[in-house]
Amino acid sequence: MLNDGVIIASALAYMGILFGIAYYGDQRADAGRSIIANPYIYTLSLAIYCTAWTFYGSVGLAATSGVDFLPVYLGPTLMAVLFWFVLRRIVRITKVHRITSIADFVASRYGKSGLLAGMVTVIVVLGILPYISIQLKAIATSFGLLRQYPTVTMATATTQHPVWADTTFYVALVLIVFAILFGTRHIDNTERHEGMVAAVAFESLFKLVVFVAIGMVVTFGVFGGPGDLFQQAAAHPDLAALMRFEVIPGGYGGWLSLTFLSMMAFLFLPRQFQVLVVENVNETHIRKAIWLFPLYLFIINLFVLPIALGGRLIFAEGSVDADMFVLALPMAEHKPDLALLAFLGGLSAATSMILFETVTLSTMVCNDLVMPLLLRANPRWLAGRADLSGLLLGIRRVGIAVIILLGYLYFRFVGESYALVASGLVSFAAAAQFAPPILIGLYWKRATRRGALIGLSGGFLVWAYTLLLPAMARSGWIGTSFVEHGPFGLDLLKPYALFGLDNLDPYMHAVFWSMLLNIGGLVSGSLLSRPDAIEQVQGSQFVNVLERERHDGDALLWRGVVETAELYDLLARFLGPQRASEAFDRYAQQHEGYPLQADSRLIHYTERLLAGAIGAASARVMISSIVMGEVLSIEEVMTILDESTQVIEYSRRLEQKSRELEAASAELREANNRLRELDRLKDEFISTVTHELRTPLTSIRAFSEILLTNPDMEVEQRSKFLGIIVKESERLTRLINQVLDMAKIDSGRIEWRMEEIDLRALIENAIASTSQLFHDKAATLHAELGDQPVTVVGDHDRLIQVVINLLSNAVKFCPEQDGEVTVQLYPLASHWRIAVIDNGPGIARDQHQLIFEKFHQVTDTHAGKPKGTGLGLPISQKIVEHHGGSIWVESEPGQGAIFVVDLPGKSHGEGMHDPDGS
Amino acid sequence: MANKILVVDDEPNIVLSLEFLMKQAGFQVRTASDGEAALAAIAAELPDLVLLDVMMPRKNGYEVCQTIRANPDWKTVRIIMLTAKGREVEREKGLALGADDYITKPFSTQEVVERVRELLAETG
């Protein structure tokens with residue numbers, strides 16, 4: 001049987017387990033063996049996002065509006081996709097600057113502004129109250145329902161009772177005790193709570209398992225599986241509508257705004273910021289969370305619709321609050337164990353949110369609201385106290401109590417008239433106000449403190465006016481007339497329809513106006529104001545956090561003088577002597593001791609440690625109260641910044657330059673090798689040309705001298721020698737011309753006169769020019785050229801040079817007797833082929849390629865051969881190739897040689913040689 | 001008794017001019033048009049001096065020079081290398097291989113005759 005005793009004992013036992021886990025986690029963390037240093041724990045801790053709102057409220061919403069509960073989970077899923085770009089940046093910044101909360105983050109970004117930190121804290125506290133109130137409400141309502149087991153009737157609203165008879169009040173008190181126990185056992189200079197994270201991870205698993213179990217029981221136990229359940233629901237006209245998307249109130253705009261709100265809330269609700277950013281122990285855990293967390297959301301949402309539909313089918317309209325279906329269904333099915341588990345699951349979701357949220361908030365209230373005020377009001381009193389850590393803890397404890405009690409008050413006076421989800425969204429809209437200063441501040445250096453202040457105030461005021469005030473009005477605290485008719489009857493200022501914008505649902509309306517003012521204020525305020533020195537430093541450090549390796553830019557801001565001992569005293573006051581001396585020892589190890597007169601680096605080190613305990617803004621005030629000396633002027637800071645960015649840029653460029661240089665030098669080496677090879681070839685060429693030129697010159701000179709010194713030589717011998725001189729001179733001339741030709745072709749300086757020419761006529765001309773050679777050697781020439789003109793496009797003079805060269809080679813290598821040369825011209829598919837066939841000694845296979853190289857002459861020619869220049873064939877090859885054709889030799893030693901030239905050109909006309917004939 | 005000269009070159013006109021010059025100077029002249037023919041001629045009858053071209057088919061002048069110097073029976077043979085390649089390295093290479101003198105083409109006819117005479121006079 002479930003009586004109050006059993007329920008309360010179970011609840012306390014469950015919280016005891018959570019506390020045990022937290023305690024163990026803290027012990028392990030102190031021992032340096034973290035139990036949360038893995039991506040699964042990290043992901044599970046993110047599921048603190050799923051509060052009683054998820055556990056109870058999703059079903060409540062689904063029971064009336066179908067799939068409308070989904071945007072709240074689509075938002076985080078979308079944000080998870082952006083984790084690597086946005087969250088990683090925020091986490092890196094937080095680590096580097098030892099940021100402890102979202103207020104600290106905003107303040108640090110905008111020049112460690114105490115005003116901004118305080119403002120964020122106020123917004124957060126006010127904004128979060130509705131959210132805390134719905135957790136209290138969920139616990140109280142579920143308790144009220146469960147204690148009446150086995151009857152399933154909604155208890156009368158607890159707010160009807162006086163406070164001392166209201167269970168919710170006692171729930172609040174118990175939570176205050178637990179929150180103080182959990183969260184304020186000692187002051188940590190990183191403000192991390194490993195134990196609490198471990199407990200949250202556990203409870204995330206617990207509530208998931210319980211919710212899925214209830215979903216299974218409802219779907220498969222109460223009904224005959226999802227098919228049966230949906231069929232029964234479809235038969236019911238009201239319920240059938242829930243399963244379609246058209247029921248969404250506010251249409252797609254409503255979905256869009258809810259998705260946007262939950263995206264931002266997922267990142268910027270204080271507890272979310274805490275688990276996502278501050279408690280993150282390793283950036284790489286983010287990678288796993290990117291897909292694992294959406295999976296968690298998917299699973300916990302799987303049975304929302306089945307439970308909602310089951311509840312609607314089982315309970316008569318209005319008999320049970322749909323927000324309580326999760327608990328009421330096991331009760332109606334007479335399953336007390338499951339009902340108790342459902343209660344504990346809801347309790348788990350609600351308490352973890354309240355504990356974490358209030359601990360986080362109390363830290364912010366202490367660091368960013370109370371401490372700065374105390375410092376401002378009476379710094380000497382503070383400075384005079386030996387150990388401030390007790391004071392800090394006291395402030396935090398009071399903060400926790402005040403926040404939970406404020407949540408209770410909100411619940412008692414406002415929250416009762418709202419469904420869980422509606423109240424939660426008011427808080428979401430408040431958290432979304434931090435999106436512009438943080439996200440824009442992450443990417444836009446120029447965003448200034450003034451801009452952030454203006455934007456945040458604007459957004460906050462709109463939020464309060466369009467969401468908070470109407471909520472209060474609805475609860476009867478202020479007249480509702482201003483909601484319906486606008487203040488003073490001014491229609492334009494109706495909180496749900498500002499300036500006549502009346503076709504949006506209240507949340508989208510609030511999001512639209514608050515974001516407009518927030519972003520507009522931030523951008524215009526930033527553009528209209530000049531950032532001061534520290535804003536510049538912080539802005540550039542935040543924006544460049546992923547690019548920078550060193551993060552001591554703001555260390556340079558301290559230029560004053562202070563004794564190291566004074567710094568130590570200050571730190572000891574906030575952290576206690578033990579932690580302070582540990583910290584200084586660490587510094588000494590890293591920097592080989594510390595100076596008596598603290599330098600800017602040590603001052604900055606102390607400031608960061610202090611910031612961990614009391615927030616960046618307060619830390620700055622504390623430090624500046626003991627450091628004598630002026631803060632740098634903006635010009636000096638600009639110089640420092642410029643220098644460091646310049647140095648970074650310079651080294652980046654240097655790196656790139658050296659990479660380029662490496663590539664260039666590799667290229668150079670290769671080019672050099674190529675050049676050297678070319679140089680070697682050119683050397684060889686010149687040497688060969690020289691040799692070839694000197695040879696005829698030798699004969700010319702020798703015979704000239706002989707003729708000169710022998711004037712009385714016989715006429716016959718004289719004319720023989722003169723003939724030699726003439727022949728060798730001709731050879732010399734030919735050689736020089738060919739060398740010049742070759743050089744021209746090689747360098748591309750030759751002019752080609754391409755025109756239509758008759759190839760047949762050209763060959764006949766060539767035959768005519770070489771007829772003397774044939775006559776001299778008594779060789780026979782057969783021409784088989786067909787009887788039609790053959791038109792190709794080419795350079796007449798060059799091509800005739802080729803044919804003459806081939807003919808003179810052929811006759812040169814013919815045997816002395818019975819020399820026979822045949823020249824053929826015939827068409828192929830797309831070419832004209834010229835073949836010059838001789839019956840000379842033939843050419844060995846290994847020489848077929850070589851003979852087309854410069855100055856290569858066929859060895860083993862018979863004695864007394866007429867010498868060539870060694871350039872004829874290479875030049876012919878170049879010419880033919882320029883015409884798009886090819887030239888080669890077919891020959892075997894002793895079989896004569898066939899030189900073949902193929903020139904492109906379409907075959908036409910009749911009477912041509914059959915390619916296979918002759 | 002007239003000294004015996006062997007003229008070796010693959011250029012018939014150069015051979016012709018050297019043959020004429022040497023005969024005119026009173027030497028006994030034989031000719032060869034490649035390296036192997038030259039060695040055969042030396043083996044057939046040992047000359048006093050060889051005018052040896054470098055760039056020739058079938059054993060070039062350097063190889064012929066080496067072969068001559070490798071044969072102790074032929075050590076009395078004087079060698080003058082003739083080459084159209086005028087680079088200093090080639091001259092050095094020729095001298096290192098055992099040539100007694102080195103003449104670059106195109107040569108002065110007078111100089112060739114003088115060098116031949118000088119070399120033959122040295123050996124006596």
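## Close-up views of a predicted two-chain model

**View 1. Pairing of strands E4 and E5 in chain B.** Over four bridges, strand E4 (residues 78-83) of chain B pairs with E5(B), and the sense of this pairing is parallel. The structure shown here and in the following views is a predicted model. Within this pair, Thr83(B) has Thr104(B) in E5(B) as its bridge partner.

**View 2. The open sheet of chain B.** The sheet in chain B is open and is formed by five strands. Read across the sheet, their order is E2-E1-E3-E4-E5, with parallel pairing. From one strand to the next, the twist averages 20 degrees.

**View 3. The contact between chain B and chain A.** In this contact, 18 residues of chain B meet 19 residues of chain A. On the side of chain B that touches chain A, the element that gives the most is helix H1 (residues 12-24) of chain B, which supplies six residues. Sorted by class, this side of chain B comprises nine nonpolar, five polar and four charged residues.

View 4. Chain A has 918 residues, of which 48% count as buried. Its secondary structure includes 34 helices and nine strands. Among contacts in chain A between residues at least 6 apart in sequence, 81% join residues that are at least 24 apart.

**View 5. The crossing of helices H17 and H19 in chain A.** Helix H17 (residues 336-377) and helix H19 (residues 389-413) of chain A have axes that come within 8 Å of each other. These axes cross at roughly 125 degrees. The crossing in which H17(A) passes H19(A) is right-handed.

**View 6. Residues at the contact of H17 with H19 in chain A.** From H17(A), the residues that take part include Ile354(A), Thr358(A), Val359(A), Leu361(A) and Cys366(A). On the H19(A) side, the residues they meet include Leu392(A), Ile395(A), Arg396(A), Gly399(A) and Ile400(A). By class, the residues of this contact between H17(A) and H19(A) comprise 11 nonpolar, four polar and one charged.

Definitions and conventions
Residues are numbered from 1 along each chain as its sequence is written. Chains are lettered from A and ligands numbered from 1 in the order in which they are written. This is a predicted model: local features need pLDDT of at least 70, side-chain atom pairs count only at pLDDT 80 or more; totals for chains, interfaces and linings use all residues. Two residues are in contact if their C-beta atoms, placed from the backbone, lie within 7 Å. Helices (H or I, at least four residues) and strands (E, at least two) are DSSP runs, numbered from the N terminus. Ala, Val, Leu, Ile, Met, Phe, Trp, Tyr, Cys and Pro count as nonpolar, Asp, Glu, Lys and Arg as charged, and the others, Gly among them, as polar. Two strands pair if DSSP finds at least two bridges between them. Axes are lines fitted to C-alpha atoms, for helices over the stretch in contact, and angles run from 0 to 180 degrees between N-to-C directions. A residue is buried if 20 or more other C-beta atoms lie within 10 Å of its own, exposed if 12 or fewer, and partly exposed in between; C-beta atoms are placed from the backbone. A crossing is left-handed if the near helix is turned anticlockwise from the far one by less than a right angle, and right-handed if clockwise.
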